[in-house]
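Please keep the sequence and the coordinates in view.

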Amino acid sequence: MKETPKKDDVEYWRWQEYRRVLSDKKWNNKDIITAGVDVGSVGSKAVIMLDDEVYSWGIMRTGSNSPESAKKALSWAMEGTGLRLNDLKYIVGTGYGRVNVPMANKAITEIACHAKGANYIWGPSVRTVLDVGGQDIKAIHCDETGRVTSFLMNDKCAAGTGRGMEVFADLLKIPIEEIGEFSLKVDEEPPPVSCTCVAFAKTEAMGFLRKGWSKEKVLAAYTHAMAIRMGNLVKRVGLEREFVITGGQSKNIGIVTRIEKALGVKCLPMPNWRESGLDPMVAGAIGAALFAKALYEKAQKS
Amino acid sequence: MITVGIDLGTQSVKAVILKDGAVISRGQAFSGFDPAKAAEQAVGEALKKVKLSINDVDHVTATGSGMDMAPYSNSTISMMGADAKAGVYLFPKARTIIDVGAEEARAVKCDEKGFMVDFVVNERCAAGAGAFIEAMARALEVKLEDMGPLSLKAERASPINATCVIFGESDVVTLIHRQESKPEIARAVFDAMADRVSSMVHRLGINPDVVLVGGVAKDDGFVASLKRKLGVDVLIPEYPEFAGALGAALIAVSRVKETQK
């Protein structure tokens, strides 16, 4: 189980860190400027919102130091905008490392933030949210306001999470962004692998390659197994339309297609996130920034 | 009579050569992508040390997760069967054999003749196997071989969640940020793993003597934690990682005797 390749190798597992500023928007002090910082196990996300609209956001890899990762992600989202920390009226931290967001005024669980964020991105018809991150799978049920009504998550085992995809990308030498597309290039869907333990992923894959399976087929079998695991979690929490997927795996077409098949429903379509800022990968941070605004207004009133 | 036992593990292949039932040579190679080739290397190395060729061998028995890929093999034996045979050969009073390898952990209950009576294995989860220590060593930025000595310096233990290798890594990172010392974190890692393994053994029932084999048995840190958790003494042979191959080679002896009858 080796995930860090030699320096001279291409790091296929390393997903692109990115940031965007919506340049058609200008901030001024009249706006309620808030931030949501979602420190996940693998990615740290920060979103800046002006009143109720996304202004800028950034996603980077979580380092070994959570407070440092939170700070970095937030300053990356603010870079070049002229914004300073003082301009942010309220900051909410969320995610696995939420208690380690030093500049946050408050920490809120990522379950609440993802439901809120999904409600904002896709609208009030969303009832079931599946969030698949680096080492978490969460199936969340919410009402028309984005309030959580029930949820389930993988609390004992990381099998079938995004981390496994990283291991496969590295082993099969396929850039992580293309892995979903690649997994769909099979004439016939192979049966799912029997075991999705991330620690065993490498041995599992090597076994199939030795048997003469193509890379595509190996990936398809693993992705299939992951999708079944995720689909089962959604079934246990109860599937109610509309259904959406957030987190890193929302951009993995191989996963999305197979979950839709396993559940027999279509997800609401991926929004035009580059232009609108409605990026499903930062749904948690968007939810956190929305909570930040509500909390700021509440504080002003009292 | 020359017999060979080959143990094709997920991380390395081990070979043991016996002459009339006594060990005369050992060989080892990394499994890599081609375990069959690694097995040829391990056997070749072991034969070379005692100036023998494969033609001098009467019977080859293979074991381990890759036993179907073994070259030269005349027969196979389950990993549990090999563990039981080797455990009782090494320690005649052994009745419980624990084998912790890179990706597998198992406990085998056996009788006085080295026949398996019952067993438990970790299925589909790496939490009780060597991969766990490897991942944690990486998270701690400590060399794998330094984990054991480091853990023995700990004054107390800080519990971590060991239900999953991946979650364990996060726990280790949290402990680092809580400024826990490296020895204490290393100790926590071994305690967590020993917890998993001992719960497996408890399902079988602890019948002394208890023997620990497999590559992880070379780690003093794990051994100390396991002894604490089990509350009994644990015997370890000189070459614990070769136990599977030894068991297979002993089975090869009995298979030759069967055909001679």
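Domain bounds here come from an automatic or database domain assignment. On that basis chain A has domain 1 (18-123 + 273-301) and domain 2 (131-263), and the C-alpha centres of domain 1 and domain 2 of chain A lie 26 Å apart. Contact between two residues requires their C-beta atoms, placed from the backbone, to lie within 7 Å. The contact between these domains takes 17 residues from domain 1 of chain A and 23 residues from domain 2 of chain A. On the side of domain 1 of chain A that touches domain 2 of chain A, helix 2 (residues 110-122) of chain A gives the most, with ten residues. Helices (H or I, at least four residues) and strands (E, at least two) are DSSP runs, numbered from the N terminus. That side of domain 1 of chain A divides into ten nonpolar, six polar and one charged residue; Ala, Val, Leu, Ile, Met, Phe, Trp, Tyr, Cys and Pro count as nonpolar, Asp, Glu, Lys and Arg as charged, and the others, Gly among them, as polar.

The model is predicted: local features need pLDDT of at least 70, side-chain atom pairs count only at pLDDT 80 or more, and totals for chains, interfaces and linings use all residues. Residues are numbered from 1 along each chain as its sequence is written, while chains are lettered from A and ligands numbered from 1 in the order in which they are written.

Helix 1 (residues 66-78) of chain A has 13 residues and reaches 19 Å from its first C-alpha to its last, close to the 18 Å expected at 1.5 Å a residue, the expected span being 1.5 Å times one less than the number of residues. Among its buried residues are S66(A), A70(A), L74(A) and W76(A). A residue is buried if 20 or more other C-beta atoms lie within 10 Å of its own, exposed if 12 or fewer, and partly exposed in between, with C-beta atoms placed from the backbone. The cover over the buried residues of helix 1 of chain A includes strand 2 (33-39) of chain A and helix 5 (165-177) of chain B. After helix 1 of chain A comes G80(A), whose phi is positive, near 75 degrees.

The loop between strand 1 and strand 2 of chain A holds N29(A). N29(A) counts as exposed because it has 8 C-beta neighbours inside 10 Å. N29(A) and L50(A) are 21 residues apart in sequence and 9.7 Å apart in space, C-alpha to C-alpha.
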